[in-house]
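Here are my notes after going through this one, point by point. Have the viewer open while you read, as I hop between the ligand and the fold.

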Amino acid sequence: MSVQAVRGMKDVMAPEVGKWQFIEATARRVFDCFGFDEIKTPVLEKTELFVRSIGETTDIVEKEMYTFADRGGDMLSLRPEATAGVLRAYVENKLHAQPGPHRLFTIGPMFRRERPQKGRLRQFHQLNCEVLGDEGPLVDAELLVMLDHLLKELGLRNVEIVLNSLGCPECRPAFRQALSAFLRGRAGELCPDCQRRLERNPLRVLDCKAEGCRQAAQGAPSIAEHLCPACADHLAQVRGMLAAAGVQYKIDPKLVRGLDYYVRTTFEALAGDLGAQNAVAGGGRYDGLIQALGGPAEGGVGFGCGLERLALLLADDPRWRREPALFVAALGAGPRAWAFELTQRLRRAGLRVEMMSQDKSLKAQMRRADKLGARRALIVGEQELADGVAQLKDMAAAGRQEPLPLDGAFEALRKLI
Ligand code: HAM
């Protein structure tokens, strides 16, 4: 019996992989303009890192991490997200000793043992950005401008940015208490998960998709009424800068995130076309976290964007089709040798060119050219080689064909395709 991939973990292949390349290339270009440098951190970290940062009572830490004891007895986990590892690297490598803010992005796989469904995998990939060493609202606004710009550069229109402030250690406890008191009166309507969360993490109830919990949360106290003056001012400044930059967004006081480290600004980008797993990106500010991980008392803000979900939103488009510019069809030993040399020269000149590795009939070769979606085919047989003229066929224009002299074919093709 053949061995299959682990449930919820997928192979990404052509033509789909072309979308991924387009997304990554676009993201790298956008992140570069906004001053971000790439950082690559390990996919394995000490379990403690995630417990301390994401939070002990979150779904991720309670039930979704791939955790194991390595042979030396250390408890390790596959990273369920990128922020914790980036911050660990920031502290460990003393990047904070250099003047900030530090803008870092990373692209790679994350692992969460969730129930797989459309847009939800157990190995998924994030484009993740962090701005470290700055507490001011300007970097929050900048990050949102960048996210908005990225979504537009990818050609995504039906995506809405949703913004909230979760307050800070000054003002959140009073909100938490008020919310908890409100929800306790409706505990019977909550799903079993939320009944458990009620005491330890009542904010999560606001985020629960279960119908009973949504009903129970109607009329619940709002964080907006509980923000301290400093948090209210921070949010007002972020909003002012977003307005100035022309970024559209919606305020949602019920937006809470699934990770415990957030304070103040939190946001998500929600897609209209994705069904239940509609968040293409999520992020926010996490002042205090760098210090909790052994670094200085500095602020930070960031977001993670799901590559699989972005790919689901991208329709078919010639921009990420990986089609050969030319297929060289050769018949007979002499023509094949000539075609081989021409093909390699064109490839070294930067063109995607194909030829058949085996000696096949013209019909078989043209079928292959068609299947690959080649835009043009160059046909060379013994007769063409003797005459010094090949036939160049335009595969799109109903097979229109014209002669192409073999002498100077390389230069002519390089100009043409
Ligand atoms: P998150 O909301 O857990 O935040 O994940 C960010 C994005 O990753 C989601 O919006 C979604 O697009 C994608 N994602 C999450 N889980 C899955 C899954 N199982 N399958 C497919 N895609 C998924 C974070 O991870 C934070 N670290 C973001 C952040 C960075 N906050 C500050 N800095």
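1. Let's start at the ligand, with Arg257: one of its polar side-chain atoms sits 2.8 Å from a ligand oxygen atom. Keep in mind that this is a predicted model, so the distance is a computed one. Tyr261 also puts a polar side-chain atom by the ligand, this time 3.0 Å from a nitrogen atom. Gly302 uses its backbone instead: a polar backbone atom there is 3.5 Å from a ligand nitrogen.

2. How much of the ligand's accessible area does the protein cover? On its own the ligand has 660 Å² of accessible area, and the protein covers 96% of that. For anyone who wants context, the size of an interface is often quoted as the accessible area lost when the parts come together.

3. Who makes up the shell? There are 27 residues around the ligand, and those that come nearest are Glu81, Glu114, Arg257, Tyr262 and Ala279. So that you can find them by element: β6, β10 and β11 each give two or more residues to the shell. The top contributor is β10, with six residues.

4. β10 (residues 279–285) and β11 (residues 300–306) pair antiparallel over five bridges. As background, strands of a sheet pair through backbone hydrogen bonds, either parallel or antiparallel.

5. There is also an open sheet of three strands, in the order β2-β4-β3 with antiparallel pairing. Its edge strands are β2 (44–46) and β3 (67–69), each pairing on one side only. From one strand to the next the twist averages 35°. β2 runs antiparallel to β4 (residues 75–78), and three bridges join them. Within that pair, Lys46 stands opposite Leu76 in β4. Helix α2 (residues 47–54) lies across β2, β3 and β4, and it runs at about 75° to β2.

6. Some backbone geometry to look at before you set anything up. Most residues other than glycine have a negative phi, and most peptide bonds are trans. Against that background, the bond from Ala14 to Pro15 is cis, with omega near 5°, and Pro15 lies in the segment before α1. A cis bond also joins Gly100 and Pro101, where omega is about 0°. Pro101 is in the loop between α4 (83–92) and β5.

7. That loop between α4 and β5 holds Lys94 as well.

8. Last stop, Glu382, which is placed in helix α14 (residues 382–387). Setting aside neighbours within four places in sequence, Glu382 is in contact with Leu331, Gly332, Ala333, Gly334 and Pro335. Take Leu331 from that list: it is 51 residues from Glu382 along the chain, yet the two C-alpha atoms are separated by 6.9 Å.

Note on methods
Residues numbered from 1 in each chain as written. Predicted model: local features only at pLDDT ≥ 70, side-chain atom pairs only at ≥ 80, totals over all residues. Heavy atoms only, no water. Pairing = 2+ DSSP bridges. Helix = DSSP H or I, 4+ residues; strand = E, 2+ residues; numbered from the N terminus. Near = heavy atom within 4 Å. Polar contact = N/O pair within 3.5 Å; in protein donor to acceptor, adjacent residues only side chain to side chain. Areas by Shrake-Rupley, 256 points an atom, 1.4 Å probe, with all protein chains shown as cover. Axes fitted to C-alpha atoms, helices over the stretch in contact; angles between N-to-C directions. Contact = heavy atoms within 4.5 Å.
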